[in-house]
Structure formats: C-alpha cells, structure tokens
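Subject: Structure handover

Hello,

Here is the structure I promised to pass on. My notes follow below it.

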Amino acid sequence: MPKIENTTGMPINLIIDELKSDDIRKRIHSVKHLDLIASTIGPDRTKNELIPFIQELLDDDDEVLIELVDSLSRNFVELVGGQAQVLLPTFEALCRVEDASVREKAANQIKKCLTQLPDQKKVEELSIGIIKRLNDSDYYMAKNAVAILIPAIFNQVSQNNQNDLINIILKLSQDQIPQVRKFTSMYFQDLVKHFPLINETFIQNILNSFIKDEQDFIRMYIVDALIQSSKTPFFQKQQNFILNMFKQLAEDQSWRVRFYFCDKLAEIGEAVTKDGYRKNFQNYHLKFLQDAEPEMKSIAALKIERVSGLMDPEDILNKLIPLLKTIQSDTNAFVRNALASSVLALCPIIGKKNTSEQILPIFLTLLKDQDSEVRITLFKKLSLITNVLGVDSLSQSVIPALTELAQDKNWRIRASTIEVLSFFARAIGPEFLSDKVLKLLLDWMGDKVSSVRQTAIQQTAQLISILGLAWADKNLLTKIWAFQSIQNYLHRLTVLFTINQITSQLTNDYILKTIVPILQAMAKDSVANIRSNVCRTSIQLAKEKGGNIADPMKKILQTLSDDQDAEVKYQAKSALESL
Amino acid sequence: MKKQDWKFMQVFGDKASSDNVSDEDIISAVQFERTGRFLGLGDRAGRLIVFEVPQTKKKDKAEYQYLTELQSHTREFDFLKSTDIEEKINQIQWLRGQGKNMYVLTTNDKTVKLWKISEKNVTKVIKPSGKDLAMPKLQVVESGLIPSVRKVFPNLHNYHINSLTASNNEEFVLTSDDLKVYLWSVEQPSKAFVAVDLKPENLDELSEVITSSTFHPTLDNQFLYTTSKGIIKLCDMRKSGICDNTAITMAEPEDPAKKNFFTEIVTSISDACFSRNGKYIFSRDFLTVKVWDIAMTNKPVATVQVFEPLKSKLCDLYENECIFDKFSIASTLDSNSFITGNFNSTFHVVDRMGECNQQYELNFNKKTIVRQIPPKYFENLGSSYDFNRKVQKLSMCQTQNLVAIACLNCLYFYTA
C-alpha cells in the first residue's frame, strides 16, 4: 500500500509524543493520524511497537476512545502487513470501555478481522477465547460484545463450542443486571438467523423469558428477533407462537414497547406477508391511530406510507381514512406533521376519484395548518397528489399557501420553503414553476436575511441542473442580472455570488456573451467590496473554464490591479500571478 | 410494631470544629452506595468525599474510614443572567460499580456530572520520540484512586436542580427543578425528555413549583414529585410520555379554618420518599410528616407532628428564615418507620402509624441520647435551642439498618 503523505504540518515524532499530551485536543489529533504514524514506520514496527503502545491510550476519555476505534478501523489491517490477528487484543480491550458506541464498533472490527484470517481453526480458537474472556470479565459492560460476537461466529465453530455458546447466552438472558439482559435481547435477532443450528426449544425459551421481563427495553427488542425468525423456516413450524408473541407486544402495557412495535410494522408486514398482516396486525395499526398517547398517534400516522402497500384499498377507504379526519386536527403539531408526511402516499393506491373525494379535503386542511413545519412537510410530498390529480387543479390552492410560507416572519421557514422548489422542479417539471412561483424565488434572492439569499442562490443552481440553462436564462437569470442596478450593494453582490455558484453549469459561449459584460461593468462599481468580489469571480471563472475565458478575465484583473483600493489591488495582482 | 432502637455507631467531626464551622464545610448531600460499602458526602465547597468500610473478615460491624475526595463542581458565573452558580453539591447518586471502579453522579444547581473513581496509574513521558520515531518512554508518576469525569449532562435546567435520582435499572436519571422534571438516559446525556412541565402560559400566574422528585425503589417506571402546595404526584412512565396527564394525585384538602399566614409556607413539601417496599410514601413538610398508602389517595393514613413546640415559634422562625429550611426523610429497611432531621442537632425516628416518636440528640460523646415525644407535646424552647444546628441531610443504607446523618460539618452513623 502506498505511503500516506504527511499533510499535518508537524513532524512525525511530535505527533507520536502528543498521543500522551495533557491537552485532549492534541491527543485526539494524534490519534486521528495513527495511520500516518503506522505508514511511516512500516508494518513490522507498527506491529511490534505502535500496537503495544496503544495499550497506554485505553484509559482515556470517551472522546479520545471514539476517535481511536474509528482510526483503527481504517485500513489498519494493511498497515500491520495483513496480519489481522495482531489487532485483536486492542479491539478486545476496547470492548470493555464505558461508551456503548466504542464497544459496538470494536466488536464489529473483531468480526471483520476474523473474516480476514485464512486458517479456520485459528479463527475458532481466537474467537472462543475472546468471547470467554469478555464474558468472565468484572466489567459487566463487556458482555455487550459477547452478545454481538456469538451470532457472528456461531456457524463456524464446532458442536461442542456451540453448546458452550448457547449456555453463555442462556446465562446472560437471566443475568441480574438489566443492561446485560438488554444486550442479549438486542442481538438475539442475529442469533435466530442460525435456525436450525439454534434449536426451536431454545429460541422459544429465551423469548418466553424475555417477554416476562419487567424491563421495557428488554421486551422491546423481541420484535426484531421475531421479525428475523419469521424469515427462517422457524416461521412455518411455529407460526402461532410468533404471531401470539407479536400480539402480546402490540398490547403491551408500556407505550414505549407498543411504539417500537408500530415502528417496525412495515418489516413485520413483509415478514408475515400481506394476508398475515391484514388478518393479524392491521387492526392494531388502526387502534394505534386512536391511542391516548400522542407519541403513538404520531408513529402510527408516520407509518401510513409504508403499510398502505399491505392493505386492501377497500379497507383503506372504509377503515383508515375515517380515522385520519381526527388526526388532521390533533392538538399536537408533531402528530399532524407525521400525518402530513405520509397521507399523500395513499393517493396512487386509491385512484383519482377517491383521492379527490377523500384525500383532497385532508390535504387542503393541512395546507392551512397554523404550524409552518406541517405545511412544509406536506409540500415535500406534493408530487404524490399532483401525479394523480394533475398540477393545474391544485395550483389554485398550492400557490397561495406557498406564497404565504415564502413571506413567513421566521427566516428559517422562508429558507426551508425555498428547498421545496427543487422538489417541484424534479417531480412535476417546469409547468409548476409559473410566473408566480418564479417571482417568489426572485423575492427570496432579494431577502433581507443573507442565509435566505444564499439558499435561494443554491436553489437556482439546482434548478439549472434539473431544467437546463436555456430555460433558466429565459425565465430566471435575466432577471437576476438586473439586480446589478439595485442601490443597496448587498443585492448587487447577489449577482456575483450567483455566478460563483453556477459556474460549472455555464457554457463558454454564455459566459462570453452575458457574463463578461456584467463583470466589466461591475469592475467599475463604486463600492470596493463589489470590485473585490469581481476579482474572486474572475479568477474562479478563469481557473474552472480556461480556454477562451482566461483572456477576458485577465483583462478585467489587469484593470483592477490599478485600483485605488489596496485590498482590491492586492487581490487582482495575486490572482494574475496564480494564472 | 416492634419499636426500633437506634444506637450511636460512629462520628466524623468534633465539638471544636463544629463550633467554628466555616460555611463551605457544611455538608449539603449524603448518600450511601447501593451495597453500603461506600458513602458519599457533598459539601458547599463543591467537594465529594468518599468513605468506605474496609473489607475485613471480622463479623462485627466495621467502621467507616475516609477513602478519597474530589473537587466535583466549582463556582461558575452565568453570563446570561448575571448571577453566580454555586458549587454546592445538592445531591449525590451512586451507580453500579464495575470491577474496582466506582461511578457516582453529583449535581449542583445547574449541572449533573458522572464521576468515575478508579485505580489508575498516571504516567508521564520521560523520553520523547526522537528521529528514530520510537514510542515515547513512560513512567508512572501517580498511582491510586484517581477520579475522572465520564459524562457531563448539559446545562438544561432553567432553575435550580433540587433532586437527582437514578432508576433501579440505572437506565434513567430523574432531575427536577422548580418547573420541570427531566428524564435523562445515562448512556446518552445529550438527550433529555421532559416528563413533567409545570410552566404556566403566563409566568405571572405561577403559584406552584416542584420541590423534589424521586424514583420508586424497585419499579423503574414509577416516580413521584412533590410541590410547594403540599401535593404529591405519582407518575407512571409506561402510561404516557408526558407523565403529568396520567399521574395519581395525593393531596389533603386545605382546611380553611386552620389557615393562617404561615400555612402556605409550611405545607411546602421539602422531601418525600417511598417506603422500601414501595407501598407507602413519606412526605416531609416543615412541621409534619404525612404517611400515604399508595392504594388510598384521598387522605394520608397518618399525619405526624415532628416536633410540636415549633408551631408556637413560627413567627421567630419566619424572622430568622429558618421556616424555609428543608429536611430530608428516609424510610427504614422494614418500611415500618421513617427517619427525619430537625433543629438543635436532633433527628426523629417515628413508626408509620405515628404512635411512637423518638427524638435522638446528636452529640460528640459517643452516647445515644433518646427520649420519647408523646402526642400533643409542648416544651418551651429557650435560648439554648439552637436553630443553627440543623440536621437537614441523611441517607439510609439499603442493605442494613444503618443511617448516615449530617449536621453542619459533622457526619454521624447510627445503627439498629
């Protein structure tokens, strides 16, 4: 592998020393560049000196450890000359730390290293050793890695070892510390994939003990294990067992467990097939839409988009849509927001007539929602309804709503609304971008708040890439170039910033014809800031476009290198030098 | 019910230091670790001091010894509000240890920190890496119990934090200030969930604030919070996200006949706890302790006057502001009694029916001085009655009948 270049500006020995600096930022910086150190000293020394030294870093703050595990995950196997097992002790030690994300990454890296070892017997020996040591550790958090590793290597080890691993999982599932049971529950979904190596009775026993657990976060993850087991032959044999357990979770006393169940409804539906979903789970979804807890209504509303594909269109019309009428006026904005993001997915399924009768009223109500977030969410899914009902019929209601959002007092809302335009351009096409809508874009380009202007400029670039330069020039750009004559210099700057943003999309002809005259005129602007930005724009155009553009740009820069303002002069001169 | 006999076991501190106590040494928080092996103490100087019972083979109760200390919080300045943030430790909560490592949560008015105390070797570089790019040579400079901050829970509370408890499964931490109760995840301090929000639309209409909160001792989904109006609310996290809507309320209706100028102040609950078995709630306000049976929420099963002579002194207590002092309360292991502090270096052990009120006097002579306080008791509190010797903080051990009681800068242990 090629040597890594030192771009830090520091000598390597200093980077090495700073691994033990008192300043945490320096330690983090050094840890980030471990690959550079390793590459410089070579694989043998990395193996014999650097890796053992890393042991001294393991007692550090979480921030450093997060950086460490990330750093070691990047091509370090190559850096130790391909001998992945050299890294195993370090990752094993990182499986014992307090931070959960570090432990999980370290365990996953162990998995990766093991796959890179050629000798299967060695893999078995090493992995069983790691698992047993972590399991016996005083640190109960080390058992997190055990729960991750056992499913990963289960099918690669001998029968005897498999029995040992089963016993470990059994013990972990009954551990008195709730967090240990939680780890076991979270990763049980990976273990059930090995059915029939893992036998039926074992799966049932474990799931039965988890469902009785008093801790919500242990019962919760059974959903995942059931989904995975439904994808194996276990489902055929124990369909009733699985379905009953799903139902218990859907009816759980704790709303957090019901929430997790609802969140996974689409996956559950896929696993049990449409018929299974309609027969067993559809009613739960409908019930959740009426739950007393707002978080439940919200997740159920959010899922409409994905479960609608599993439902019979008749049921959607008769059972689902009536419930939505109460949700559209729920007191909680986040519930209405969830509805806005997924209700329009129903339109293509129920057809034009039903959409017009049933969904359109909901759409129009949400369009006038007092919460701007709800309205914006709705806009992002607009194409789903316009594809069914056609753009024209909707523009009467949509354009005023868009106009209102575009003039919202809160600048962040105005900025978010701008982004909606590219959705329209992409999904619906240029017909939607009528004069009225384009006027909004121009208003945004002249907004008081600079962030809004910036977003508008970015959107212009997006629109050009979707709809093409010719369209943009005719409908938009000409009007933007007119900003040159606005009295407030900030708006004249917009012209230059726009050119910067769309450089890559401009043709050389267009530049020669339209842009060069603009720059020539603005090079004579009375405000120095403008002239300074002309320098920047010119050099950018020259560098990116080259060819016949370079000369006119040089001429402009030459004019400016005699400018009365020192800053402009300096910029022009250094720009010319770099060309 | 068997009467509990508590006896003096140990004291840290002496008369001399106690008479000339400096403000910063005053103990502001006490908490046993869950196995009883360690005890944590917080003071107004922002220090956390840890005591331990050394593990010996002797069967009789060994004594606590000083183990280590750390500077948990320091005085800060809140630039937005132009006020000081005191470093005084308000609450301590121990988490399960791992191996030889201890984990403890501490909080001042604004910030909760998770500390880890572990056996470590602190090393320093004695020979740096040179042209040969060799690894630096290290040397151990310090070895022993070193504290380090593992997590800092971001400054979320607008008002002063009054309580900090961890759920039994240690997944969640509950903190409360005047208007909100927050639920934190121990794993991810960046996110907090508002479990209760008492903020009115118009802050001028504010009439009730939250005074304390605590988790149920064994059920991880339940917690209670108390208010300045003497109301207790029992919340279940399983029923709903915002817990206040589905909470069970326990409050005694106000008797308009007995109302006087001080009623509003003295009904504010200073601390409340569940009994160890989770069936009762003991709530402490300035003059009384109310015992509630969770199954009966319309009135308490008993109301105990802690020390009736204080009733006649309310005017003086208002003048010297002692009427605003807050006292802690703890349940005994068998759930049949509770222990709470009082003025004049005394604390009370009372059974939950309110029939037997024993007042213990803390002293430096290693004696157990106790007397029975009969109902309807009156005593003229003379000038020797010291309102400055307040026994405000105490902690009950979860594994044996052992209580740690703090008075000013001294720490006492009593056992039964």
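**Asp252(A) and its surroundings**

Setting aside neighbours within four places in sequence, Asp252(A) is in contact with Arg219(A), Val257(A) and Arg258(A); contact means heavy atoms within 4.5 Å. Asp252(A) sits in the loop between α16 (239-250) and α17 (255-263) of chain A. Helices (H or I, at least four residues) and strands (E, at least two) are DSSP runs, numbered from the N terminus. Asp252(A) is buried, at a relative accessible area of 9%. Buried means under 20% relative accessible area, exposed over 50%, and partly exposed in between (1.4 Å probe, protein chains only).

**Ground rules**

This is a predicted model: local features need pLDDT of at least 70, side-chain atom pairs count only at pLDDT 80 or more, and totals for chains, interfaces and linings use all residues. Residues are numbered from 1 along each chain as its sequence is written, chains are lettered from A and ligands numbered from 1 in the order in which they are written, and side-chain values use heavy atoms, with hydrogens and water left out.

**Chain A**

Chain A has 36 helices and 0 strands. What radius of gyration does chain A have? The value is 31 Å, whereas a compact globule of 579 residues would have one near 25 Å. That radius is taken over C-alpha atoms, and the globule rule is 2.2 Å times the number of residues to the power 0.38. The C-alpha box along the principal axes is roughly 85 × 75 × 35 Å. Of the 579 residues, 57% count as buried. Among contacts between residues at least 6 apart in sequence, 67% join residues at least 24 apart.

Residues 320-358 are 77% helix and 0% strand, with end C-alpha atoms 11 Å apart. Residues 359-397 are 85% helix and 0% strand, and there the end C-alpha atoms lie 14 Å apart.

Two backbone points in chain A are worth a look. Phe195(A) and Pro196(A) are joined by a cis peptide bond, with omega about 5°. Pro196(A) lies in the loop between α11 (178-192) and α12 (200-211). Asn75(A) is not a glycine, yet has a positive phi of about 35°. Its loop runs between α4 (62-73) and α5 (76-79). Asn75(A) is partly exposed, at 33% relative accessible area.

**Chain B**

Chain B has 3 helices and 31 strands. Its radius of gyration is 22 Å, which agrees with the value near 22 Å for a compact globule of 416 residues. The C-alpha trace spans about 90 × 55 × 40 Å along its principal axes. Buried residues make up 54% of the 416. For contacts between residues at least 6 apart in sequence, 52% join residues at least 24 apart.

Leu408(B) also has a positive phi, about 55°, although it is not a glycine. Where is Leu408(B)? Leu408(B) is in the loop between β30 (402-407) and β31 (410-415) of chain B. At 15% relative accessibility, Leu408(B) counts as buried.

Best wishes
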